[in-house]
Amino acid sequence: MMLEIDPQAKQGVQLGPVTVTAEDIQSFAEAMGDLNPLYTDVETARAAGYPDVIAPPMFCMRMRGGKLLPEVPLPSGFMSLHAGQEIEFHDEIIAGQTYTITSRVADVYEKTGRSGPMEIIVRESTITDTEERTIVTIRERQIVRSPEKKI
Amino acid sequence: MALSASTLKVGDTYEEQVVEDLKRTQLVQYAGASGDYNPVHTDEVFVTKVAGYPSVFAHGMLSMGMTGKMLTNYVGDGRLTQYGVRFTRQVWPGDSLTAKATVKAVRQEEGGHIVDLDVSTVNQDGVEVVSGYASARVDP
């Protein structure tokens, strides 16, 4: 198996600009059970020198969207799962600020794991602010394999 | 409270329980908050009858996020510069997870101080579910 990657997917797709709200941050922090007041209380965040509440580090995953983009169509019945990811943080995501997210397929390779051959899709997403500063870079690996083998 | 390079030693550890008896409700809540509606995390009928797993299981990113809570509690807010993980085993409803950071190196970079950490999260049976690394800015 070798997955077909659309040339457009290597170019990348853009999400946003999107303005982060305090409500988005609060619901994300609650879902992780992380009620750090910097994430939920504007007064605490201001006292710490931020203009509004900041997001937990992993909020970047909500910003890159619920789906892995660009989408790579899988053959019928194929399963896929997240293998892991690497994130670089350059600055905080702050409520009320506007960001743009660009995601592209950076690499595709085959490897043999515990339970047989699999293919790995590597995507890279970059979150930038309105001054085009890079705030967060995410590299993530998606495992793809045929239906007769469980991941 | 930020960490200080002068008092950190290679081999120092910090750990905390990041979830006890993970509820299916939290998986649904995370799906909603993240926009990740992959049915393997929320749809018990699909996941058992079609996908052939014993039950729904947690989003890798939820495990990574809960582990991240331990990291920010340890290194302080706005300090994390890098965080990478592999998801080594699935996390199931009912699991309790303990996340641990171990100091791997304390170094200087561009005039600032950085701590490099090994990160490991295990379930109630001691089986590792998240394995990774992180780096953070620390005070001198």
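1. Let me start with the sheet in chain A: S4(A) and strand S5 (residues 134-145) of chain A run antiparallel and are joined by 10 bridges. Strands here, like helices, are DSSP runs numbered from the N terminus (H or I of at least four residues for helices, E of at least two for strands), and two strands pair if DSSP finds at least two bridges between them. Thr128(A) faces Thr134(A) in S5(A). Four residues lie between the strands of this hairpin, and Glu132(A) has a positive phi near 60° there.

2. A word on conventions before going on. This is a predicted model, in which local features need pLDDT of at least 70 and side-chain atom pairs count only at pLDDT 80 or more, while totals for chains, interfaces and linings use all residues. Residues are numbered from 1 along each chain as its sequence is written, chains are lettered from A and ligands numbered from 1 in the order in which they are written, and side-chain values use heavy atoms, leaving out hydrogens and water.

3. On its other pairing, S4(A) runs antiparallel to strand S3 (residues 98-113) of chain A, with 14 bridges. Pro117(A) in S4(A) is the bridge partner of Thr112(A). Strand S4 (residues 116-129) is largely enclosed by the rest of the structure, because 12 of its 14 residues are buried (under 20% relative accessible area with a 1.4 Å probe, protein chains only).

4. Stepping back, chain A has five helices and five strands, in the order α-β-α-α-α-α-β-β-β-β along the sequence. Of its 151 residues, 47% are buried.

5. Now to the partner chain. The contact (heavy atoms within 4.5 Å) takes 33 residues from chain A and 33 residues from chain B. About 2700 Å² is buried between them, with 54% from carbon and sulfur atoms; this is the accessible area (1.4 Å probe) that the two parts lose on being put together, summed over both. Ala31(A), Met32(A) and Phe89(A) supply 19% of what chain A buries against chain B, more than any other three residues.

6. Which elements give two or more residues to the side of chain A that touches chain B? They are helices H2 (22-31), H3 (37-40) and H5 (59-63), together with strand S2 (79-89). S2(A) gives the most, with 10 residues.

7. Glu88(A) stands opposite Gln82(B) in S2(B).

Key. Buried means under 20% relative accessible area, exposed over 50%, partly exposed in between (1.4 Å probe, protein chains only).
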